[in-house]
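Here is a short briefing on one protein chain. Please look over its sequence and fold before reading the points below.

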Amino acid sequence: MLEQMIIDADLCIKLGSSEKYHFLLEALPLIAKKIYMHSHAFGEVMIPMSAHKQLADLVSQGKVSVVNETELGPQERSIYDMIYNRLAAVMIDPRKPGKNKGETCSLAYAKVKSIPIFATDECNLQPIIDSQLNTGMDDDINCLRIVDIINMAKNGQINLPRKTAKAIWRISGKKNDDFDRYVWPI
């Protein structure tokens, strides 16, 4: 189990997309002791309703803390703003100012608060984090994707049976064949 992480809307939407299986509610608390979500990313989880409900339940149970930059002191806020602007320059298209804003807010907050894990299923984000934020020091940020969560289960780091991991894989829109061949072969 990880100490702390900040989560992105896309991961919540994928894990919470089923009315029948509450993977977001059940699996997320297995991954980290402290889970944060930026308020902007939280606001992005509106549909499907099952994801919104599961996330709201995690917040009301105190398993996910919704955070934002208004809680930061003056020095931290200044650093947050600098990091946000640096990331926005490469991640946010001025013609679509809402696109990637949740990720940008979350990553800036994670950097200021030294949260080392960003749980997202964006596959091209780590190179941006490496070039814009990571220095090779102790405060580097690494992405945790669905495949990484399943690898944690496969390696016994979290208590998630193969059957459940495969269902999470499938509900996330990924191919059964890839799971059985490459991710967690029988």
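Is P185 buried, partly exposed or exposed? P185 is partly exposed, at a relative accessible area of 41%; buried means under 20%, exposed over 50%, and partly exposed in between (1.4 Å probe, protein chains only). The model is predicted: local features need pLDDT of at least 70, side-chain atom pairs count only at pLDDT 80 or more, and totals for chains, interfaces and linings use all residues. Residues are numbered from 1 along each chain as its sequence is written, and side-chain values use heavy atoms, without hydrogens and water.

**Around P185**
- P185 lies in the segment after α10 (176–183); helices (H or I, at least four residues) and strands (E, at least two) are DSSP runs numbered from the N terminus.
- Leaving out residues up to four places away in sequence, P185 touches R162, F179 and D180 (contact: heavy atoms within 4.5 Å).

**Helix pair**
- α8 (residues 146–154) packs on α9 (residues 162–171) at about 175°, with the axes 10 Å apart.
- The two helices, α8 and α9, are therefore roughly antiparallel, a term for angles over 145 degrees.
- From α8, I146, V147 and I150 meet A165, I168 and W169 of α9.

**Sheet**
- The open sheet has 5 strands in the order β3-β2-β1-β4-β5, with parallel pairing; strands pair if DSSP finds at least two bridges between them.
- β3 (65–67) and β5 (142–144) are the edge strands, each with a single partner, so one side of each lacks a neighbour in the sheet.
- Strand β2 (residues 32–38) runs parallel to β3, joined by 3 bridges.
- M37 has V66 in β3 as its bridge partner.

Notes
Axes fitted to C-alpha atoms, helices over the stretch in contact; angles between N-to-C directions. Parallel < 35°, antiparallel > 145°, perpendicular 65-115°, else oblique.
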